[in-house]
Structure formats: C-alpha cells, structure tokens
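Welcome, and please open your viewer. We will go through this model stop by stop, with something to select at each one.

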Amino acid sequence: MSPAIDPVITCPHQPEATTVVIIGGGIIGLTAALTLAERNIPVVVLEKGRIAGEQSSRNLGWVRKTNRHAHDIPLALAADRLWAEMPQRVGSDVGYRQAGIMFVGRNNTQMGMHEGWLKSVEHLGLDSRLLSNAEIARMVPGGRTDWAGAIYTASDARAEPTLAASAIARAAMAKGAVIVENCAVRTLQTSAGCVSGVVTEQGEIRCDQVLLAGGLWSRRFLGNLKIDLPTLPLTCSVLRTEAMDGPTEVAVGAPDFSFRKHKDGGFIITQRGKLDAFLTLDHLLLGTRYLPQLRAQRDFLQISLGKYFLKDIALARRWKATDVSPFEKVRVQDPQANVALNEDALRNLRTAWPVFEQARMASAWAGTIDVTPDSNPVISSVSTLPGLTLATGFSGHGFGTSPAAGQLAADLVSQQTPLIDPSPYSFDRFLRPRHGVK
C-alpha cells in the first residue's frame, strides 16, 4: 500500500507552448518548477501518473549530511538552508524538523568507517561528532545493546515526503507553474539539433528547454533517444507504526534497522542492511559498470529473478511518438513491500530498544530507487542534445537534497549562476570513450 499523499488539484490539460517543460512530477521536478516560477519563467510539469506517486513519497524523509561523499556536502548544506526556509516559502508545514541523525556501530570495523568519513569531511566545518556508548544511552535511552559508538550530526533533520511535494506543487502553481498529471511525455521534438518541444499523449508542447526529472524512468526515456544513462533499480521496503511513545526525536540508523519519528506520532522503520535487487535486462546490460558496488555491497542486496524481469521485458525500449509509451502502461511503479524484511527490521529494533515491543504496524510500502554506478546523481546538461538537462539518478538520496538539487537544475536550465559547483554531477562522467580515443 502506497503512502497517502496530501492531495493537490492540478491542471487537466497541457498548454500549447511554454519556456521550460519538466518531465516528472517528483520532488526534484517540483522544486525546480517552484524555483523557475519564482523567477517568472513559464514552466510546465508533466507527470505520467500522480505527483510524488513513486519514490518522492515513499522514502524515509531523512535530510542528512552524515555519510555523504565530501563533494556532495555543498549540495546537502544548501538543502539544509532551503529546507529551513521552505515552510515560509510555500506557506505550509512540510514536516521539517532539525532533530539530528545518529548512525550507531556494533564493532570497531563499523566505527572505523564512521571515523574515516569524519576525517574526509573535516575541512568542511560540519557539526558531526563521534559518540561513546554512554552518550548514545543518554540521547536514546532504554537501549540494551553495547554499541561500539556512533557518529552524530545535530544539524541533520527530517521532513515528511507525503506533505512536502504537495506543498511545493501548490506553491509553484500559485506562482504560475502549470502541472499536469496523468500526462506521459513520449519523446522530444528537435529542430536544428536542439530541443524544440515535447510530444505527450495529449499532443505537442513547444518549448525552449526540457528538464528530465523522471527518476527510475529516465534511463528508458533517454534510451529511446539513443542516450545512455547508467542507472539500475533497487527496491526498499518501509513500515510505519501507529502512534507510540518512543525513545528519542533523533533519527537512528543501525546496520540492520533504522527509525525516525513520524508526524502522526509513530515511527518510520526500515531494514538498513537489505535492499531487494529484482533483476531486469538492465542488470545484464550494465552489470560490469557496477562491479565495485557489487563487491562492496553483495551482502546488502537480495538478488532475485522473477516477475519483475518479465514485466520489464514486456515494456518497450524503442517506440515512436505516435505509439503508446511505456510510461502510459505503468503510471505508478508500486512494488509490494517485502514483509520479511520489515519484520526483520522491527525484530532487530526491538532487540536494541525494547520500547518498540509496543509498536503496531499502521502501514507498509516499498519504493524503487534509481542508482548510478557511483551513487551520485546527474544534474547536468546533455552536450549532445542542447536544450536538454537532467536531474535524475539520485540513488536514494534525492529527497534530502531536493530543494537544492531542484534549484541547481533550475539554475542550469535558465543559465543562471549555479547554486553550488555542479561539476560532481556532470553527465559526461558516464560517457564512454570511443575506441581508439583516450
């Protein structure tokens, strides 16, 4: 069962022309649209299903800097500032709470990884610090695990995925953006080698720029244009408890569970140590590019071959503008929650903090994450097709950085000074050299 998204009334029909078309009504596309609308740049968001219907409403809601790559920290820091400003910016609560995030370690090996990360970012002036087991017990009382330690960042935060995207969408529309749901973009139109419009199931829209923020669907959309974006899908299962007394407002991540307080008084829980990797054709096509990740995370992935492979094969990889596209056939990717993983997470959590013995599950869901070979997103123009910009491949980290990622994408589209240095997110880092060219 997917989470209940705060409803938004969108436009039923697309316009004939605009300046920027955004493909994808997830939180990245919506924050980009809000930024453009605030700059009085005409923008249309086209969503094949419902806004935030996929990973944008299904993620954990963490807003963190902890354990991000050092070159990804500037984006996370910018996101901190923009999240704090968001309630005033959109005129409603998005569930943003700066309550801190803690990652606990069971042994010296795990703590060594936290220490290594802390050293790698020491030049950035973060408020992250290591904790002893006694400090963990004071901050998250009632535990019965002898932790080796933890890393903690007090300025890390959380927000509510089912509130944030809707609030951002309403604010964008109030400032002039047009959002159309149940309207799939089939392909792009070009003129003289540059983007000149899009073709949707409702017809054509002329535009000057296109921002593709299609999440896990971006690879298939670009593949039809003969542009190779390397991403693979992984599925994360999540549960929410009924309202209960808990040990802390701090979000806590352990090797085999995590929890954070939910706006309704319960907790959002997942099994941090396992993700489902349902094999698709792309796993066969791209597998060698992910070998370093596979070696490092083999025990982290539950690899299986089954109905998802068959469903993926059944969806077209090439189609014409007049054809019904894959995006019309699958409006919302809605995988089933892995009951066993959710039960395992809750069991592990109860062992560590017995107060969760009283936890009763209110709902459960799963979401599909699009992962790049280096786990960093692409926020970049595409040099081979002027007028096309990408904001995709967020590898499970998109919600937390979404206000900054969307603004950075809007900066690139509108050719304004970028919010931060965009070079770590360049699409060109994935381009393979031609034979004979170094």
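For the charges, Lys and Arg count as positive and Asp and Glu as negative, while His and the chain ends are not counted. Each charge is placed at NZ of Lys, CZ of Arg, CG of Asp or CD of Glu. Select those side chains: the chain has 46 positive and 41 negative ones, and the centres of the two sets lie 4 Å apart.

Before going on, note that this is a predicted model, in which local features need pLDDT of at least 70, side-chain atom pairs count only at pLDDT 80 or more, and totals for chains, interfaces and linings use all residues. Residues are numbered from 1 along each chain as its sequence is written, and side-chain values use heavy atoms, leaving out hydrogens and water.

**The whole chain**

Switch to a cartoon view. You will find 13 helices and 21 strands; helices (H or I, at least four residues) and strands (E, at least two) are DSSP runs, numbered from the N terminus. The radius of gyration is 21 Å, close to the 22 Å that the globule rule gives for 438 residues, so the chain is as compact as a globular protein of that length. That radius is taken over C-alpha atoms, and the rule is 2.2 Å times the number of residues to the power 0.38. Along its principal axes, the C-alpha trace spans about 65 × 50 × 45 Å.

Next, colour by burial. Buried means under 20% relative accessible area, exposed over 50%, and partly exposed in between (1.4 Å probe, protein chains only). Of the 438 residues, 57% count as buried.

**The aromatic rings**

Now show Phe, Tyr and Trp. Their rings (for Trp, the six-membered one) pair if their centres lie within 6.5 Å; planes under 30 degrees apart count as stacked, over 60 as edge-to-face and the rest as tilted. By this rule there are 13 aromatic pairs.

Select tryptophan 83 and tyrosine 96: their ring centres are 6.3 Å apart and their planes at 0°, so the pair is stacked. Tryptophan 83 lies in helix α3 (residues 73-90) and tyrosine 96 in the loop between α3 and β4 (101-105), so the pair ties together parts 13 residues apart in sequence. Tyrosine 96 counts as buried at 12% relative accessibility.

Phenylalanine 399 sits in helix α13 (residues 398-414), 316 residues from tryptophan 83. Both residues are buried.

For the last stop, which residues do ring pairs link into a cluster? Select Trp147, Phe257, Phe259, Phe267, Trp353 and Phe356 to see them.
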